[in-house]
Every structure is written in C-alpha cells, then in structure tokens.
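Visitor: I would like to go through this structure with a guide, one question at a time.

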Amino acid sequence: MSQPVFNMELGKAQEKAIIKGKFYRITVLTERLVRFEYNKNGHFEDRPTQLVLNRLFEVPEMTIKQDEYYLELSTKYFKIEYAKEKPFVGNKLVPGGNLRVSLLNSSTEKVWYVNHPEVRNYNSSNVSFDVLESKMKLEKGLYSDDGFVSIDDSLSLVIEPDGRVVPRSEETVDIYLFAYNKDFALCLKDYFDLTGRPPLLPRYALGNWWSKNYSYTEEEILKLFDKFNRHEIPISVLLLDNDWHLRNFDKQKKLVTGFTFNKTLIPSPQDFVYKMHSLGVRVGLNINPIQGIMPHEEAYTKAASYMEQPDNKVIPFNVYDPKFRKMYFELFIYPLENIGIDFFWNDYYDKKDNTALWLLNHYHFFASGRTDAKRSMLLSRNATKGGHRYGVLYSGRTKVSWDTLKTIPAFNSSSSNIGLSWWSHDIGGFHTGVEDKELYLRYVQLGTFSPIFRIHVDKGKYYKREPWRWDVQTYQIIKDYMRLRHRLIPYLYNEAYKYHKIGTPLIQPLYYRTQKIYDEPLYKREYYLGSELLVSPLTYKKDPVMDRVIHKFYLPFGTWYDFKTGKKFPGERSYVSFFRDQDYPVFAKSGSIIPLSNDIGNNTTPPTNMEIHIFPGRSNTYHLYEDDGVTNLYKQGFYIKTSIDYNYQASNYTVIIRAEEGKSGIIPKERNYKIRFRNTKETKDVVAYVNDMPIDTKCYVDENDFVVEVSKVSTIAQLTINCKGKAIEIDAVRLINEDIDGIISDLPIETGLKDTIADILFSNLPIKKKRIEIKKLKKYKLENKFIRMFIRLLEYIEQI
C-alpha cells in the first residue's frame, strides 16, 4: 500500500529544548508551549500520538536557573518553578506546590498547575449534531480568559513506524501547556505546528453540494443537473448517498457497506463520472466499511485470497490490521478513484470505537492525495483527535427544525476554539420535521456564508430541497443566494489558504476581537467570515404581521456596511433591524475588499471574469491567493498571489491590482475586471492604465454603486484605476425611519390610513403619546393585530 506512514523523526524534540531528570522531562517547544512528562520508571515518549505529530521545533530563547533540587525556567511568556523529581501534582492545600507556571506580563497574577480547573475556558464543540441534536456539548478549547490552557495527552494512543496504533506500555503523565497570555493567534499557530496544519481543500469543496438519500438512476441525475443548469443554479459537487452501491445480498437488505456500483442504476460508472466532470461537477461517494467485505463485491475473490479467508465468508472489518488496510485500499478504494471518483464520504461511526474512525479518516485522507495530480479530500465525522487535519467534517443527519438552525452558528464559532473550521451541515435539515419555506430560506442563507454549503436530505418526495419546488418568490431568493455562494469562491478560497498557511480560522467568534460581548447571549451567534465579513445569522421566525424578522445585532468598533444594500452603520453599538425574506445581515467593514467570480456554470477554477467589491472609508490591501485548486503542485510553488491595493482619500479612490508572487500560467492569462465601488456616485474623472498604457473603461452607476469595467487585462501586469470628483461618496447611513416606512408600505391596510400611521410614528411626540395615538386608530377600523404590531414597533424604537 502506497499510503504515507507517520514521520517518526518529527516526534523527537531537539536536545537543547529538553530539561530532563530521573522521573521527569520538560520540553520547551516555543516561547508559549511546553510539554511536561512524568514517569516513575523514567520512560519518555518520542513517538507521535493520535493528536501530536510534531515536536521538532526550533529551540526558543529561555533562561534556566537550577540546582540539585530546584528548577526555574523562563521564556518571554511564562516562568516554570519545579521541585525536581517530585510528582507534578501537589497536595490539596497547595496544588502548585511541586510545579507551577506563572504567566509573565499579565495584568493580574495568573498561575497554572496540574489539575487546574481552568474554569475561564471558552470551550469548543467538536462532535456530531445527530449525537447531540439541539443540546450542544462543549469540551475544553484553546481560547481562555486565563491566557493558558492545558491538553492532557497521557491517554492518547501512540503510533508505531508501520502505522499501527497501540496503547502506551505504562502509566505516564504527558501534558502540553499553552501559555499565550492574550496572543491567541500564536497559540493556534503553535497548536497547528504541534498537531499538523489544516489542509488546503480542493477549490470545488467551496461551491454548492447536492446530496439526497435516494436511489438515483444515471438518467435521473443527468436530468436533475440539466434542470439546475437551465435554472442557472451552479452545483460543484454531487455526493451520492448509500444507494449508489449494491445493498441487498442473500437475505440481507439495506446494507450500509458496499464498494460495487449498482449497475441497474448506473450501468457504466466510469462513463457516468466522465459526464459529470464534463459538466464541471465533482463526484463523491458514501462509504462505510463497518460490515466488512462481502461475497457479492466484484473484488471479493481477490480479497478473500489475499486475506486467506474461506470463500463466501464476510471478511471482517479491521482497520487496525495493516494487511486488511492494504487489501481495503488497493482492491476497493483505489479502483473507484481510478474511474474518476473525486473523494469519499466516510460514514463510519461506532460510538464504542472512536479510534477506528480516527484511523480510517487518517488513512483515507492522506491516501486520497498520494500523488501530485490530486489533492487530499474527505468528508467524515470528527474523531476529535486532530480533526482539523482530515478535510471536511460531517455534523450528522440532523432534524428539520428551527432548533437545529439556531444551534449551528454558535457550534461553528466555538469549534474555532479548538482549530476547527470545515464543519458542514445538512442545509434544510436531513429528516423528520416540517418543510417550511422560511426555515429553508434561512438555512440556505446561513449556508451561503458558512465554510461549506452542503444540501443533504432523506428519502421522501415531500422533502423539498430543489429550489424550483417552492413558490416563485422563495425559489428566486434561494437561487440568488446559491449563485452568490458560487461567486464567493475566490474570497472563500483565499481565506481557506490563510487558514491552511498561518492558522487563521475561517470562522471566528465575535469575542476574538470584542471580548466584552462574550456573555451576551444575543450576540453569541455572530461571527467573522474571513477577514472582511461579519455575519449575524437569522435563526428565528419572522413576525407574521410585520412579515419581517425583528433582529438585534451588535457591530464592533469601526464603520460597517450592509453587504447587500450598502447601508452604513457606525460600530461599537447594538442595533434592532427588520429583515425581509430576501435580506440577510452580513456586514463589511470600511475599506473591505471582496473578490467575486462572474463566470457562469458549475466550474470552480480561477475565474476569467472577476468582480471586486470595495467599500469606502479606509485604505486597505487584500492579497488574493490562487492556484489550480485540485492538485498538490501549489506545494512546489505553482501558485500566484495578486495584490489588490485600495488607496482611499475623500472623493479620490485608487485601486492597483498586480501579481506580487508566484508563477504565471496558473490562472487565466487575461481577466475581465468589474470594480464595484460601493456607495459611490458617478464621476466622469476616471482613468485606467495597464502598466503605463492607458486603457478604455466602461463606467456606470448600479443603484448606489459606481462600477468600472476593464477587459482583457493581463493577470501578470499592473492595473491601475483612479476615480475622483466632488463628494462622490454616498453617506447612506441606515435610518430606522426607512425600515419602518418599508414595513408600513408592505402592510395590507387601507392606503390612506398608512399616511396617518406614518405621521404618528415619525412625529416628535414622546413614545408614550405615540402609543395612545396608534390605539385611537381602532375607530378607523385598524385591526387589533396591526395595532399590537405598531405598539411592539414603538418598543423597539424606544430601545434604539
């Protein structure tokens, strides 16, 4: 089997980083990260574990003072005090009596010791939804108000050179302490250096996925994708659930394990995959080897011979056995890859054996990227140990419910506290519940601004995930957001690269940058999506009379703009706003630069037609990373970075786009740019140059934006665009009166009465008197439900 084995050399730290006694070993890995080992026989572990793959760090600067009985060791971040050879755990009265670590340069004294309660830890979520349902179970994460966190690796299995995973031979203490004070980004860097970096996913993984637990024939699939194409809804991934393989054998029905295509559904799998690829669609398969290798599999005879298994007996699943693994991959997995299958969905789950899931994930993920021609990719449940290393995480088969939707944003955000970003959820829910157009809309909108957009639903013709099966208005909104998701791929892929390269999570909770709002439950669902966007998800039903969601949200320091409307919001304050079905609270900070694709179709390659949204108010530079999106050649330098530099002055904007690093030939030779200056008036004073040569532009106003288009610009040249004029920035401060006016306009009440209502609400009367005047409108036959609604509206106005 050509799968990679673990690099055993990386498990051993440099000698100069180690302070060792008869029973203890202390390894200073970085200025913020230290390993404590204690073993009564003096045996210490250099092999990798399930969690820790690398201890070969550069030796950090440290100061050591010691004698025969006492050790004091200091770095820039912490000071260790240890009574040599004594157990790390002190007594109940003085728990840090033998070993204590003090944070340096902290505003208050902060001391860690073994078995410290660490109650100020913000915790993280890292297990599947169908285990939890709406009750989110939190475990210790890396983010803490204490400025430190410990990870106990004492019970992790260790890895042998041949890939076998075995228990430790004796009881030992093996603890990693991250003492980072307020430098959480550096804590994450240390964690990823220790446990392995997050992978750079294939570009297609960031598009729209389609999956349904249905016995699709090839003809049905092709018709389905033809319909998506006619509706101009891009889909980049087809994920086939259980029914792609043979499921009935002998007296057994609905088998979950299978590796042989059901030829009555898909007669020629290789031809089918080729057709999907020609549509720009990647193909993934659900696999679950838990039931073993059965006699009806096409490769069973070879497998039985190799495993010396009697004919017609099931070969038991045993991922711990290297011989089974070799047979499993070479006879069942690689042949499917050879016909063009792009990736697998490892649906294995055994709550009694999480280690088997971990091993399967590890070998599947790295086997899928064993050549330069194809990047590693996997969808799987999280085995918790180093889950960030293994591609996209599957949150389980979830219920169709508002409760599930409410849980997802905080679940995603808190996962960042343990370095996880690539969670994917069943958009719309998978099973049970009631189909509800508003619920599905809000799922789609949340998915648009999530790490992965994956539609997945159970059998049953009344589950409606195809957008055209809803009413016209709902269909159009779903279509618009799915198209937006596909357009966002250049931005999302760049943020994915930063997650891979420097460990910046794609999703970040608001409290990473505004810690004071952590205890405010209303804002726990808000999060940053990459460096430029902030999302405040809608997870509650709308007011049926107002026909809007009443939503309270917080915007941090700075100036923010509604991504869709361009409305301006001063930051560091709370807002109440009213969102229609087509609206979603996503905000861009002043100076934000967001690259989008304007290419048409399912393909996710770097676009020929690129639109760049630029928000006013602040100069900024965005470094756009691109590569081929599917191979491992980027590791050999086959990529390109493009600088998008925005220089903001009042009524004078300059944008310079130029290649700054990498190789040519990776992205289209020429690109058509549409630069969208948000909240900007038309100006006639526009110039554009490629290098030093002036070029033609097409300029126009689109609602509140000024758009400049240029064509056929070399992607290795420098494009410069300058716009200037008098007072060209549109202030567009969001006004509560505009929201209220829109609500009045949409209500099904007598038109003349609307003027009376507006006069009351927009008057200078005190709120109390406005309530009285609204109640008086009952004599003009204003229904009670509208009176109650306007009274509530006045309460929200009073809050603002």
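The turns that follow take up a sheet, a helix, a hairpin, a loop residue and the cysteines.

Visitor: Before the details, which conventions apply to the model and its numbering?
Guide: This is a predicted model, in which local features need pLDDT of at least 70 and side-chain atom pairs count only at pLDDT 80 or more, whereas totals for chains, interfaces and linings use all residues. Residues are numbered from 1 along each chain as its sequence is written, and side-chain values use heavy atoms, with hydrogens and water left out.

Visitor: Which residue in β19 stands opposite Leu-393?
Guide: Strand β18 (residues 392-394) pairs with β19 in the parallel sense over two bridges. In that pairing, the residue of β19 opposite Leu-393 is Trp-423.

Visitor: Which residues of β16 are buried on its two sides?
Guide: Buried means under 20% relative accessible area, exposed means over 50%, and partly exposed lies in between, with a 1.4 Å probe and protein chains only. In a regular strand the side chains alternate between the two faces of the sheet. Strand β16 (residues 343-346) is covered on both faces, the buried residues being Phe-343 and Trp-345 on one side, and Phe-344 and Asn-346 on the other.

Visitor: In β17, what is the bridge partner of Phe-344?
Guide: Strand β17 (residues 378-380) pairs with β16 in the parallel sense over three bridges. Together with helix α7 (residues 354-368), these two strands make a right-handed β-α-β unit; right-handed means that, with the strands pointing away from the viewer, the path from the first strand over the helix to the second runs clockwise. The bridge partner of Phe-344 in β17 is Leu-378.

Visitor: Which residue stands opposite Phe-343 of β16?
Guide: Phe-343 counts as buried at 1% relative accessibility. Its contacts (heavy atoms within 4.5 Å), leaving aside neighbours within four places in sequence, include Tyr-204, Trp-209, Met-377 and Leu-379. Strand β15 (residues 282-287) runs parallel to β16 and is joined to it by four bridges, and the residue opposite Phe-343 is Gly-284.

Visitor: How many residues does the hairpin between β5 and β6 pass through?
Guide: Five of the six residues of strand β6 (residues 78-83) are buried, so β6 is largely enclosed by the rest of the structure. Strand β5 (residues 70-74) pairs with β6 in the antiparallel sense over five bridges, and Ser-74 has Lys-79 as its bridge partner in β6. The hairpin that joins β5 to β6 passes through three residues.

Visitor: What is the relative accessible area of Asn-679?
Guide: Asn-679 has its place in the loop between β35 (670-677) and β36 (685-690). Leaving aside neighbours within four places in sequence, its contacts include Tyr-561, Pro-616, Asp-705 and Ile-730. Asn-679 is buried, and its relative accessible area is 0%.

Visitor: How far from Cys-723 is the nearest cysteine sulfur?
Guide: The structure holds zero disulfides, a disulfide being a pair of cysteine sulfur atoms within 2.5 Å. Cys-723 counts as buried at 1% relative accessibility. Cys-723 is in no disulfide, and the nearest cysteine sulfur, which belongs to Cys-699, lies at a distance of 6.6 Å.

Terms used:
Two strands pair if DSSP finds at least two bridges between them.
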